[in-house]
Amino acid sequence: MRHVAVIGSGPAGYYTAEACQKAFGDAVRVDIIDKLPVPFGLIRSGVAPDHQSIKGVSRRYEATALSDNVRFVGHVSVGTDVTIPELIDRYDAVVLATGAPQDRPLGIPGADLPGVVGSAAFVGWYNGHPDHAALAPALSGPGAVVIGAGNVALDVARILAKTADEFAGSDIVTHALDALSTQSSEAITIVARRGPHQIAMTPKELGELAHLSRALPVVDPADLPPGADDAVLDPGTRKAVAHLRAFADHPRAGDDAKTVPIVFDFFAQPVAIEGDGRVERVIVERTRLDEQGRAIATGETYAIPAQLVVSCIGYQTPRVDGVPYDEKLGRFANDEGRIAPGLYAVGWARRGPTGTIGTNRPDGFLITDHIAADTTGDSGKQGRPALDVLLAARGVDVVTFRDWQNIEKAEIANARDGAPREKFTGVDAMLDARK
């Protein structure tokens with residue numbers, strides 16, 4: 001029997017558990033450990049609440065989660081409730097599937113001013129993540145500046161621009177919906193260091209901006225390269241750029257309902273954030289591309305008024321005591337997923353924050369191949385029972401997958417009665433009742 005502990009219950013974690021089942025059948029026991037009392041990681045707390053079709057992938061993981069040889073161990077913090085060495089002593093393999101939930105530092109003067117937030121925090125706020133629920137971003141004022149040229153920047157801009165009615169059918173949490181319904185920026189500016197051909201935005205997400213009830217996407221035609229140049233782009237980017245060209249052709253006036261411009265500010269990099277006690281403006285420097293497509297500063301600067309800045313420039317994996325870390329890449333130091341004997345990394349914790357949700361599936365099978373090669377299944381380690389004894393001795397209140405299912409059913413039932421999703425409150429009530 002092989003005993004495997006997976007740290008993190010997002011896509012990478014569940015794909016690894018699925019791969020272990022396929023490789024070892026009934027001769028494996030997998031414990032998926034998460035510091036949160038709910039599973040699915042970024043599916044629940046990272047995907048935009050109005051993208052329910054993407055969140056539907058979590059249903060695939062339920063079949064794995066409800067198997068006899070896979071168990072969700074929620075509300076357990078690795079490093080506090082149990083350490084990596086303690087897990088290695090009890091399991092044949094420990095797999096770090098912690099993802100990359102921390103924002104990369106913006107690294108410019110003024111980035112620490114109140115009103116400047118990272119996308120992980122902002123997305124966590126509107127998804128009800130307990131670490132970010134009290135964020136209270138400044139939504140009313142002259143402008144919100146969103147820094148980045150990927151889908152996360154689009155998500156943030158779209159959420160800021162939507163009306164309350166446009167969140168129907170989403171699972172946005174109450175505190176975010178109330179704030180977004182009563183506060184609004186006069187303008188939303190997406191600042192991109194390079195040009196339209198270098199974006200990492202997908203056509204579907206860009207196309208959504210054209211259908212917002214009060215917001216109008218704005219692109220300066222001068223920022224667009226000649227149309228013939230689009231031929232060298234891959235099909236997805238070509239479709240995305242076609243949306244930008246359509247935005248540039250759209251009349252900028254005459255539609256009284258479109259009161260909030262979403263301005264794409266290409267060839268622009270923020271160099272400072274200024275304000276008296278909190279953010280008031282973003283200082284941006286104009287850029288140009290060199291022959292290799294790199295952004296080169298031109299020395300020309302200007303200011304964008306803002307009461308809110310959301311940095312969407314990427315993520316990094318949180319450090320874990322005793323685990324080697326690659327500072328440059330923002331992930332655990334590893335050799336194709338191997339960190340040390342008995343210790344592995346998978347998903348963004350292995351690769352860095354690249355790829356889609358589906359990219360984690362082959363990653364899980366890669367790590368399982370390593371586990372098969374490195375272990376025999378006769379180590380004598382106890383795995384699950386040994387962990388239970390340790391956690392019970394430390395008074396750790398574990399949340400199971402069945403616990404989570406019951407809480408989710410109550411959330412959904414409440415939402416169907418017309419109320420927004422109240423995430424985590426059911427968990428808090430359940431844990432309080434156990435005391």
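## Contact between H6 and H7

Ser-119, Phe-122, Val-123 and Tyr-126 of helix H6 are in contact (heavy atoms within 4.5 Å) with Val-152, Asp-155, Val-156, Ile-159 and Leu-160 of helix H7. The residues of this contact comprise seven nonpolar, one polar and one charged, where Ala, Val, Leu, Ile, Met, Phe, Trp, Tyr, Cys and Pro count as nonpolar, Asp, Glu, Lys and Arg as charged, and the others, Gly among them, as polar.

This is a predicted model, in which local features need pLDDT of at least 70 and side-chain atom pairs count only at pLDDT 80 or more, while totals for chains, interfaces and linings use all residues. Residues are numbered from 1 along each chain as its sequence is written, and side-chain values use heavy atoms, with hydrogens and water left out.

## Helix geometry

H6 (residues 119–127) packs against H7 (residues 151–161) at an angle of about 45 degrees, and their axes lie 11 Å apart. H6 is therefore oblique to H7, the class left once angles under 35 degrees count as roughly parallel, over 145 as roughly antiparallel and 65 to 115 as roughly perpendicular.

## The open sheet

Six strands form an open sheet with mixed pairing, in the order S3-S2-S1-S4-S19-S18; two strands pair if DSSP finds at least two bridges between them. At the edges, strand S3 (70–74) and strand S18 (338–340) each pair on one side only, and the twist averages 25 degrees from one strand to the next.

S18 runs antiparallel to strand S19 (residues 343–345), to which two bridges join it. Within S19, Leu-343 stands opposite Ala-340.

Conventions. Helices (H or I, at least four residues) and strands (E, at least two) are DSSP runs, numbered from the N terminus. Axes are lines fitted to C-alpha atoms, for helices over the stretch in contact, and angles run from 0 to 180 degrees between N-to-C directions.
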